[in-house]
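Look at the model below.

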Amino acid sequence: MTDIGTNAPTAPGQRLGPPTTGQRVGFVLAILLGLSDVVSVATPTPEGEVGAPFVVLVVGALLGLATLVGVGLAWARRSRVAVRVAAGSRVLSLLLGLPAFFVDGLPPVVRVFSAVAAVLTIVAVVLMLSGPRGGAQR
């Protein structure tokens, strides 16, 4: 097994070193995205309007909670598994939002918000999974 973002071998139970600045930025982005997923369930699509079905909002909120728990454990306990859970939940949330680009009748602001969230998700995942460069700990 190797450490996140490096080729340095790690034992299965070994914790990660302190997070790099990039990883911290990825964690903060993931927290903000996770919070937006959780809050979105409180504002369902009004009856008669085009938008995400309530079940999609609930699944998104659950993925947001998984992100928040994963980031919390990754940061506090430096758990490699928690980083992967947080990254995986963000990727699933990204996939859940893709239909916004293909549904007719959505306001343009929804598409813009979805595009921004998609880009921020990709940035967050890449940063969370990145490790120190050249195998050196920062």
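The paragraphs that follow take these parts in turn.

This is a predicted model, in which local features need pLDDT of at least 70 and side-chain atom pairs count only at pLDDT 80 or more, while totals for chains, interfaces and linings use all residues. Residues are numbered from 1 along each chain as its sequence is written, and side-chain values use heavy atoms, with hydrogens and water left out.

Start at Ser114, in helix 4 (residues 108-129); helices here are DSSP runs of H or I with at least four residues, numbered from the N terminus. Serine 114 has a relative accessible area of 15%, so it is buried (under 20%; exposed is over 50%, partly exposed in between, with a 1.4 Å probe and protein chains only). Leaving out residues up to four places away in sequence, Serine 114 touches Gly97, Ala100 and Phe101 (heavy atoms within 4.5 Å).

Which residues of helix 4 are buried? They are Ser114, Ala118, Thr121, Ala124, Val125 and Met128. These residues are on the same side of helix 4 because they cover an arc of only 135° around the axis, taken from the directions from the helix axis to the C-beta atoms. An α-helix has 3.6 residues a turn, so residues three or four places apart point the same way. The buried residues of helix 4 pack against helix 1, helix 2 and helix 3. The face turned away from the buried side carries the exposed residues Pro108, Val109, Val112, Val119 and Val126.

Helix 4 also gives the most to the lining of the largest pocket, with 7 residues. A pocket is an open set of points on a 1 Å grid over the protein atoms alone, where a 1.4 Å probe fits, with protein on both sides within 12 Å along at least five of seven lines; lining residues have an atom within 4 Å of a point. Of the 34 lining residues, Ser114 is among those nearest the centre of the largest pocket, with Ala52, Leu57, Gly97 and Val110.

Terms used. Helices (H or I, at least four residues) and strands (E, at least two) are DSSP runs, numbered from the N terminus.
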